[in-house]
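Biologist: I would like to learn how to read a protein model. Please take me through it one feature at a time.

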Amino acid sequence: MKNQVPKPLLDYPKLGDWLKVTPEKKLVFFSGRVELGQGNITALIMMISDELGIEPEKISLQTARTDMTPNEGFTAGSMSIVHGGQSLRSAVATLRQQILNISASRLGVDAFELNLSNGQILQKGSFCFSIDEVLDQIDLSSEIEAGAKIKEPSQRWVEFREIERVDLLERMTGAPFVHDMIEEGMLFGAPVHPANMYSKLLTLDVIALSKRPGVIKVVQDGSFVGVLATSQRFALEAAEWAREKSEWKEIDGKIENPISHLVSQSHDFEIVSETGDVNKNAGEWHELTVSRPYIFHGSIGPAAAVAKWENERLTVWTHSQGVFQLRDALAGVFEIAEENITVIHKAGSGCYGHNGADDAALDAAILAREVEGIPIKVIWSRYDEFHAAPMGAAMSTKSRAHLDQDGYITAFDVEVTSVPHSSRPGTGGTPNLRSAVLIKNSKLPAKSPDVPAIRGGGAERNAAPSYDFGPVRVKKRLVHDLPFRASALRSLGAYNNVIVNEGLIDEIAHRNGEDPLAFRIKHCVDDRSKELLLRLDSETKRYKENLKESQGWGVGYARYKGISGLCAVFVNVTVDEGVVVDNVVSVSDVGEAISPDGVKNQIEGGIVQSISWTLKEAVKTDGLSTTVDSWFDYPIIKFSEIPSLNTILIERPSEKPLGAAEISQGPAGAAVSNAVRHALGVRITELPITREAIINSLLSNEI
Amino acid sequence: MQGELKCTINGVVHAIDSFSSEPLLFFLRDKIGLRSTRYGCGQGTCGSCTVIIDGEAKMSCETITKDVSGKTIQTAEVFENESDHPLVKSFIEFQAGQCGYCLPGILMASKSLLDKKQNLSRFEIAQALDANLCRCGVHSRILDAIEKAYQLSNEKKGT
């Protein structure tokens with residue numbers, strides 16, 4: 001396996017940055033990554049354990065906190081294993097060699113004669129001593145070798161791959177979440193979030209609020225209002241009372257239909273990539289436009305945090321994706337030095353991108369500042385979650401494909417119009433925390449530049465199709481200043497871009513009278529993608545036979561960010577009252593899979609979430625803010641709507657790990673969209689594909 | 001008067017404040033420290049606070065504490081001393097979870113089905129769980145696990 005130096009190792013080159021030895025001779029490893037529910041911590045423990053040759057139970061892993069671990073940036077973009085895991089492997093390989101060298105000099109032999117297995121030093125297979133005996137001699141100040149020789153695939157412990165999630169049982173029956181924290185003397189806080197973060201507070205009876213049951217203190221700072229109470233229940237009830245009784249001045253600039261607003265823009269597109277002249281040959285062009293509305297993250301648990309101020313120092317427990325970035329953003333809000341803030345990651349409900357976690361942390365910190373030394377727990381209400389958290393960005397993509405005389409695609413041109421897909425804390429140099437706008441010393445968010453191309457791009461992610469289509473041009477037009485708040489949601493622009501590109505490919509295959517999969521296979525860029533699509537074809541033949549008139553099938557394929565995991569999805573659907581997805585078959589290739597079952601779990605979850613987005617989800621607004629008050633206003637997929645899933649993983653243990661959590665959303669959405677087109681004969685181009693959308697589409701096609 | 005009313009939670013008798021309108025969810029989480037029961041929406045729409053009351057799956061955010069007087073309640077903490085329970089075993093076997101926030105509610109909803117010894121098809125189990133939302137998309141594994149738990153408890157019954 002090739003050893004490229006991952007970025008975290010460049011920033012943290014010393015062994016002591018990645019591990020310590022406790023006085024009890026236990027090894028504690030550090031990762032700047034956080035567990036978001038995806039199982040990455042289990043995989044990281046597996047990687048350490050395997051690389052070192054020590055049982056996983058004997059390893060402790062400390063995840064991100066600003067006073068202990070490396071700063072690995074945001075845990076996002078399916079990069080935990082790709083960067084974080086590979087960094088740890090190099091650190092552990094260096095550690096392993098050091099242990100072998102120390103042991104060799106103690107035994108008076110050459111290091112290559114020794115082996116490390118199950119925590120024991122072995123010489124020609126016989127036990128010499130436990131590694132515990134040499135742990136105190138490890139030089140933590142030594143540099144991690146850039147070329148540290150990590151194990152070959154054949155040397156890995158295959159049985160480790162069957163490991164179970166280390167944290168699952170506690171999540172099933174215990175209280176591991178930041179929501180569950182109990183600290184001595186703790187009080188409960190609740191913010192009173194207005195529907196739109198640019199609203200200004202006009203009137204609120206603070207005295208009456210302070211007399212609500214359980215309320216200890218009302219905190220007001222500019223247009224920020226919050227309460228401190230003796231219990232979560234009283235805090236939530238008081239905040240709800242205050243929201244109903246308060247009056248706010250709304251901003252101007254209603255946008256009734258975000259998608260119409262986006263596509264009616266007239267400013268120029270910017271070319272973000274161009275691999276050749278797409279217009280060099282005259283010929284036939286085909287085009288398709290698909291849009292996606294704002295959608296919610298929709299975690300089942302709302303955002304939460306605990307904060308405490310003591311001697312002008314702030315400590316925050318949070319389920320943020322980036323503890324260092326949150327620390328710096330909080331330092332900006334409070335105008336204090338970063339060293340005076342410690343941010344510690346603690347589990348939250350499922351995280352699918354930049355949700356309200358960071359905002360809730362600021363809410364807790366603002367409230368806690370009023371009561372020196374007292375920890376304040378804030379758990380957002382469902383109202384807060386549906387009104388105050390960032391949403392997944394609305395966007396519209398138009399793709400055009402050029403055909404040669406033989407029906408091959410020979411040029412591809414994509415125009416993406418979108419609000420920026422990321423406004424994380426610190427993006428553009430501003431905190432980008434909701435209540436930072438509300439407080440008197442207001443810190444407004446800067447215009448987001450969107451995610452740069454080097455990190456896979458934001459709106460234009462996967463706008464370039466994963467096929468050999470000749471020259472490809474991608475243009476992007478960002479639209480700012482909508483009243484709604486958007487930021488990173490799983491797969492960013494890739495979801496919509498893959499749906500439109502795969503839809504256009506299907507339309508052309510249909511025009512050519514060719515099988516959609518065969519048409520794709522003809523345009524494959526390499527053997528790896530061809531193998532994937534051939535496998536999908538052979539696994540799904542039986543689902544294409546004996547279909548009723550109301551049934552259809554479709555496929556979608558993409559290589560995430562063009563360079564990461566490959567995923568192809570087949571679905572068949574029945575279109576009746578609405579769309580029912582009957583079967584899903586997916587074939588994926590993520591290079592080396594540390595935990596194959598964990599990878600499959602991520603891919604399945606991505607598919608199911610994407611089916612929900614595609615068939616059901618759109619945030620309703622009044623032009624300024626969301627009008628969603630409960631799950632009744634924003635239905636998501638239910639148990640009885642879940643298709644049968646067949647999840648196939650092509651394992652490539654000798655290849656680099658490529659990441660898994662975001663590879664299936666685009667292909668799954670595309671497969672559903674194409675299957676509905678197959679069943680209905682018409683294509684729904686404004687997501688989601690609801691019953692209403694189908695009826696409207698059929699009616700307009702009849703005319 | 002406080003302490004006049006009582007209920008039994010996971011086998012332990014607890015006194016209840018007879019005047020309070022407190023939802024059971026907050027009594028469980030914040031008064032007696034049974035924090036596996038999760039706050040998800042407080043509106044009876046997500047199922048993450050589901051507990052078993054006298055054998056029936058109920059959302060504790062919609063249940064007033066004083067109304068459970070004389071009743072028997074189970075929360076997901078019952079499994080802490082029962083790690084070989086068919087549901088626990090099969091959820092682990094199928095790795096039927098990601099973030100796990102919804103799982104205690106789903107475990108309680110499925111335990112009430114299992115305890116009733118009804119013979120349900122996979123689709124009937126799914127319909128019975130429609131009040132419980134999962135956002136990570138683990139539904140299929142959860143249904144696999146519940147089906148397996150049915151199988152395990154039938155085997156247990158047979159021996």
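Predicted model: local features only at pLDDT ≥ 70, side-chain atom pairs only at ≥ 80, totals over all residues.

Biologist: What is the radius of gyration of chain A, and what does the globule rule give?
Modeller: The radius of gyration is taken over C-alpha atoms, and the globule rule is 2.2 Å times the number of residues to the power 0.38. For the 703 residues of chain A the rule gives 27 Å and the model has 27 Å, so chain A is as compact as a globular protein of that length. Its C-alpha trace spans about 85 × 75 × 45 Å along the principal axes.

Biologist: What share of the residues in chain A is buried?
Modeller: A residue is buried if 20 or more other C-beta atoms lie within 10 Å of its own, exposed if 12 or fewer, and partly exposed in between, with C-beta atoms placed from the backbone. Buried residues are 56% of the 703 in chain A.

Biologist: And what are the figures for chain B?
Modeller: Chain B has five helices and five strands, in the order β-β-α-β-β-β-α-α-α-α from the N terminus.

Biologist: How do I describe two packed helices?
Modeller: By the angle between their axes and the distance between the axes. Axes are lines fitted to C-alpha atoms, for helices over the stretch in contact, and angles run from 0 to 180 degrees between N-to-C directions. In chain A, the axes of α8 (residues 323-334) and α9 (residues 357-368) come within 11 Å and cross at roughly 45°. Angles under 35 degrees count as roughly parallel, over 145 as roughly antiparallel, 65 to 115 as roughly perpendicular and the rest as oblique. α8(A) is therefore oblique to α9(A).

Biologist: Which residues of α8(A) and α9(A) make the contact?
Modeller: Two residues are in contact if their C-beta atoms, placed from the backbone, lie within 7 Å. Here L326(A), A329(A), L330(A) and V333(A) of α8(A) meet D358(A), A361(A), L362(A) and A365(A) of α9(A). Ala, Val, Leu, Ile, Met, Phe, Trp, Tyr, Cys and Pro count as nonpolar, Asp, Glu, Lys and Arg as charged, and the others, Gly among them, as polar. This contact of α8(A) with α9(A) has seven nonpolar residues, no polar and one charged.

Biologist: At what angle do α15(A) and α16(A) cross?
Modeller: Helix α15 (residues 596-616) and helix α16 (residues 665-680) of chain A cross at roughly 50°, with axes that come within 8 Å. They are therefore oblique to each other. The residues of their contact divide into six nonpolar, seven polar and no charged.

Biologist: What backbone values do most residues have?
Modeller: Most residues other than glycine have a negative phi, and most peptide bonds are trans. D450(A) is not a glycine and has a positive phi of about 70°. This residue lies in the loop between α11 (434-438) and β20 of chain A, and it counts as buried because it has 24 C-beta neighbours inside 10 Å. Among the residues that touch D450(A) is L478(A), which is in strand β20 (residues 472-478) of chain A.

Biologist: Where is there a cis peptide bond?
Modeller: A cis bond joins L687(A) and P688(A), with omega about 0°. P688(A) is in the loop between α16 and α17 (691-702) of chain A.

Biologist: How many residues of the two chains are in contact?
Modeller: 46 residues of chain B contact 45 residues of chain A. On the chain B side, α5(B) gives the largest share, four residues. That side divides into 23 nonpolar, 14 polar and nine charged residues.

Note on methods
Residues numbered from 1 in each chain as written. Chains lettered and ligands numbered in written order. Helix = DSSP H or I, 4+ residues; strand = E, 2+ residues; numbered from the N terminus. Lists of a residue's contacts leave out its neighbours within four places in sequence.
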